[in-house]
Amino acid sequence: MQIIIENKSGAVVLSIHGHFNAAATPEFERILNQRLDAGGRHFILNMADLTFISSAGLCSILASAKKISERDGSIVICALQGEAQKVFEISGFAALFSICPTEAAALKQLDAVCLP
Amino acid sequence: MKTAPSQFRRTSLAVKLGLMVLAGTSVVFAAAFLYNHALSRRSILSNAETNARHLAGATVSRIEAVLNGVENIPCYMALCLEQRDWERADLIAFIRNALVADPDIFGSAVAFEPYAFNPQSLYFAPYCCRQGADIRQTWLGSDQYQYFNLDWYILPKELNRPMWSEPYFDEGGGKVIMTTYSVPFYRMVNGRRQFQGIVTADIALDWLVKIVSAVSFLKTGYACLISQNGMFVTHPDKRLIMRQSIFDLAEGAADAHLRQVGQAMVRGDTGFVRLQSPTLGKPSWLYYAPLKSPGWSLGVLFPEDELFADAQRMGRNILLIGLVGFVILFLIIVLISAAVTRPIRALARTTAEIALGNLDIKLPLVKSRDEVGELSYAFDNMRVALKEYIAGLTEATVARERLESELKIARTIQMSFLPKHFPPFPEQAEFDLYARLEPAKQVGGDLYDFFLLDDQHLFFSIGDVADKGVPAALFMAVTKTLMKGIALQGGLDPAGIMEHVNQELCKENDTNMFVTVFCGVLNFCTGKLVYSNAGHNPPLIRRAGSQPEELPVPKGIVLGTIEAVRYSTASLILHAGDTLVLYTDGVTEACNPSQDLYSMERLRETAAGVSDQEPKTVVDAIFQSVNAYAAGAPQSDDITVLALHYHGESSSDR
């Protein structure tokens, strides 16, 4: 797995590439915690290049989402497709999170939420 | 544990160092010694040549002084004889006076050509020689002694010049070894210079022997004189005198070099040569120089060993001093090296202890700040680091063992909760059921369960806790217990069961664990199946005679995340020969060595490929396929498969 980190208009965009399985969760959590500690509050997970997500990956995202909401932040998942999208739907995670079709839509949604 | 090889101890560093330094010094010493030796030999030889030359020169001068003195007399006499006619008595007195004038002259004769002095007399040669203190006069010439046929007479006559004869033992006159200087004299006859006779002066060789014998060189070196024929005129060995020539010696010793030297001497050359002396019997050096007028040669011969005796003694002494010096040097080096290597040896002993595992041993204190001190310091650091490392390693091993035992516990918990008795309901002919769970090394939280709710209803479920190890195993145990408890309390509605279980799981759930569950209730009398899904992979259904398909499942979120969530129930009718295959994501997400997923498609193909719908056969086929696909790649998650085959409502039909 590879995670590309970008800052776009106040949001931390994490683009996740490859397999998001148990082996990849420590890296994901490390990066997310680091960004949280650095003051990041609004996160977008861009799943455009996610090839596969396991239950451990879902668990990791759930744990991170809880942490973010504890700090009054928000998380939006975007660009889900293929197997990953199916996993989100089957597991019901699609209902748990804000899901947007594109990153632009996710940014827009965050803007709407975060506008003073 | 290895022990130090014994050959390492055989030569210590100190001795090795000593030997190496000694070897180096020896080479330098040997080079200097040989150079010095060669140089001194050359210088000694050159000095010896100079000395021999001076000595020979002086001797030659002395001899020549005598000879020249002797030569003057007959020359003067010849001159006088040419001036006028002589009376017999005058002539004898003249000869006698010559002997008186020069005491070196032993005898003198004036030998005339046959009939030249007296036409009646064939012989006319008055001869005076010393006899004791007197001078005796005799006449030369007889039938036995025809002097005009002898060398001393003929050679100067033919060559028209005065000359010295070969030394000879005089029989006619003095009865001693002598040599004769012969001077031809002439008379003007009819305007022509006509040969008249020979004036001679004999000298005895005893004085010559004395002069030459007085010459000594080194210890046994001597001088000798050879005649123009190579005959020994003087020699320390009296037997050689007048009996042997240098060529005889060369012949006797078969020494070509000596012959060449003899030739050079006879030729009147000067030289300094090395030769094997037959008289001294060892390698010797010879300096030779000519006596010009008689054509003789003086040789100064001395043995080589005497020449170089001093140099050799000096060389021996230097070698001895060098040897003693080397021994002392060696001892000093060994002592110094021993002092230097003492800490190293102590260190080596200590490290041997360390090698045996005693890491608490104190290293010997090295105060010096040199390399040895550094080594000791570094070694102590290493010992401490090693000790810490071993302690860390021990701790890690303990931790790993603890973890492994925890995993074992987790596996035990997980497996102990699962029904493992197959076939589970042998009295129920309406269906067959088989399930298998293969835990991963780290143990995921997979679960399956089945039990009869009453005499018509079978409850079955499959689930996957999204975590690993003991927590997952406990969470799985809780989920399974809750589910069974709630289901047995009269729940025929799977969605209701899910909601209840979810509520219970969400209470006090501080962890982020959740569980995906698929559960169903089959009325095996009617074939009606009701089921609900909480985020689990949809099972496969294979209708009799068809390909396997994904079972459409109602949407439902995983259990344990949000408390107040509604789940839905779906239903369908199973017909005889239909098979349900429930599985966890451990199947579809099994990876091969290149990290490719087993995938849903492969599962469907594998399920389709099994002709026999016996649940155990189906389950085992799937496991076999997954294992073959993984090809040894580590199993990262639990793999669980549950297969349910429906035979139909009436057992009597079968």
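User: Is Gln595(B) buried, exposed or partly exposed, and why?
Analyst: Partly exposed, because 13 other C-beta atoms lie within 10 Å of Gln595(B). The scale: buried means 20 or more other C-beta atoms within 10 Å of the residue's own, exposed means 12 or fewer, partly exposed is in between, and C-beta atoms are placed from the backbone. This is a predicted model, where local features need pLDDT of at least 70, side-chain atom pairs count only at pLDDT 80 or more, and totals for chains, interfaces and linings use all residues. Residues are numbered from 1 along each chain as its sequence is written, and chains are lettered from A and ligands numbered from 1 in the order in which they are written.

User: What about the phi of Gln595(B)?
Analyst: Positive, about 65 degrees, although Gln595(B) is not a glycine. Gln595(B) sits in the loop between α13 (585-588) and α14 (599-609) of chain B. Helices (H or I, at least four residues) and strands (E, at least two) are DSSP runs, numbered from the N terminus.

User: Where is Pro423(B)?
Analyst: In the loop between α10 (371-416) and β14 (431-438) of chain B. A cis peptide bond joins Phe422(B) to Pro423(B), with omega about -10 degrees.

User: New topic. Which residues of α3(B) are buried?
Analyst: Ile95(B), Ala98(B) and Leu99(B). They sit on the same side of α3(B) because they cover an arc of only 100 degrees around the axis. That arc is taken from the directions from the helix axis to the C-beta atoms.

User: What is exposed on the face turned away?
Analyst: Ala89(B), Asp90(B), Val100(B) and Ala101(B).

User: What order do the strands of the five-stranded open sheet in chain B take?
Analyst: β15-β16-β17-β18-β21, with antiparallel pairing. Strands pair if DSSP finds at least two bridges between them. The edge strands are β15 (444-452) and β21 (570-573) of chain B, each pairing on one side only.

User: How many bridges join β17(B) to β18(B)?
Analyst: Six. Val521(B) stands opposite Val530(B) in β18(B).

User: Last one: how many residues does each chain put into the contact?
Analyst: Chain B gives 22 residues and chain A gives 17. Contact means C-beta atoms, placed from the backbone, within 7 Å. On the side of chain B that touches chain A, strand β16 (residues 457-468) of chain B gives the most, three residues.

Note on methods. Two residues are in contact if their C-beta atoms, placed from the backbone, lie within 7 Å.
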